[in-house]
Amino acid sequence: MQVTLKIQRYNPEVDSQPRWETYRIEADPKDRVLDLLHKVKWEIDGTLAFRRSCAHGICGSDAMLINGKNRLACKVLVRDLGEEITVAPIRGLPVKKDLIVDMEPFFDAYKAVKPYLINDDPPPERERLQSPEERARFDDTTKCILCACCTTSCPVFWVNGTYIGPAAIVQAHRFIFDSRDQGAAERFKVLGASTGAWRCRTAYNCTEACPKEIRVTQAIQEVKRAMVYHQF
Ligand code: SF4
Ligand code: FES
């Protein structure tokens, strides 16, 4: 089948603003958008810039706005999109070139919630034990691949780039509800600030955008509730 692929192009070194470039290309319905981008880059225009690594929905590096929705280019099939496909960078982060955005603000928010186990007790001889039920409590949020689809689909993040965003709260959730972790109070200081979880307006865009089907909005609600009931 022939598809019309519209890609937002922008090279800040020469362009004053982004522009759309259209490519007519032959595609198999089972091709992924990532295959089409490779075709453009390898056969038509080698200057096209985009990120990808694993090509299998694991690394989270190829999040893009595809036909108006945030998705991973390696996980979307042409047959599910039709003959007209538009691809633009995820929104709310500065564009470095074409489909590549500056992820530093996103990772700054991630780092701010201390996304690692905090436990000052002396380590036991073997591992820190946990029951299957305790492990299940935070299972959903362990699936996050830090693709930024959720944060960059959030209207609050678009309007106020200082909002810490859904992905950082998901990462905080993963540790706050881990029975072995003792860092909740430290994380609540960040999440309770004016740029933290209370900015969430429960728009659900994040949950719809998540390629790992994490219940992002629910995780944010659980973190808010934990903050309310937390005794300092
Ligand atoms: S919660 Fe989902 S959408 Fe958000 S960064 Fe993690 S994997 Fe991506
Ligand atoms: S390239 Fe790794 S998730 Fe798509």
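Reader: Let's start with aspartate 178: is it buried or exposed?

Author: Buried, with a relative accessible area of 2%. Keep in mind that this is a predicted model. The general idea is a cut-off: a residue counts as buried under 20% relative accessible area.

Reader: And which side chain does aspartate 178 meet in a salt bridge?

Author: That's arginine 174, with 3.0 Å from N to O. Arginine 174 counts as buried too, at 16% relative accessibility. Elsewhere, salt bridges that share partners link Arg9, Asp45 and Asp98 into one network.

Reader: How many salt bridges turn up over the whole structure?

Author: The search finds 15. For each one, look at the N to O distance and then at where the two residues sit. Take lysine 114 and glutamate 186, whose closest N and O atoms are 3.4 Å apart. Lysine 114 belongs to the loop between helix 2 (104-112) and helix 3 (132-136), while glutamate 186 is in helix 6 (residues 184-191), so this pair ties together parts 72 residues apart in sequence.

Reader: What about accessibility for lysine 114 and glutamate 186?

Author: Lysine 114 is partly exposed at 25%, and glutamate 186 is partly exposed at 32%.

Reader: Where do arginine 215 and aspartate 140 lie?

Author: Arginine 215 and aspartate 140 form a salt bridge, with their closest N and O atoms 4.0 Å apart. Since arginine 215 lies in the loop between helix 7 (205-209) and helix 8 (216-229), and aspartate 140 in the loop between helix 3 and helix 4 (155-159), the pair ties together parts 75 residues apart in sequence.

Reader: Last one: which residues are closest to ligand 1?

Author: To read a ligand shell, list the neighbours and then sort them by class. Ligand 1 is surrounded by 13 residues, and the closest are Cys144, Ile145, Cys147, Cys150 and Cys210. Sorted by class, the shell has 12 nonpolar residues, no polar ones and 1 charged.

Definitions and conventions
Residues are numbered from 1 along each chain as its sequence is written. Chains are lettered from A and ligands numbered from 1 in the order in which they are written. This is a predicted model: local features need pLDDT of at least 70, side-chain atom pairs count only at pLDDT 80 or more; totals for chains, interfaces and linings use all residues. Side-chain values use heavy atoms; hydrogens and water are left out. A residue is near a molecule or strand if one of its heavy atoms lies within 4 Å of it. Ala, Val, Leu, Ile, Met, Phe, Trp, Tyr, Cys and Pro count as nonpolar, Asp, Glu, Lys and Arg as charged, and the others, Gly among them, as polar. Helices (H or I, at least four residues) and strands (E, at least two) are DSSP runs, numbered from the N terminus. Buried means under 20% relative accessible area, exposed over 50%, partly exposed in between (1.4 Å probe, protein chains only).
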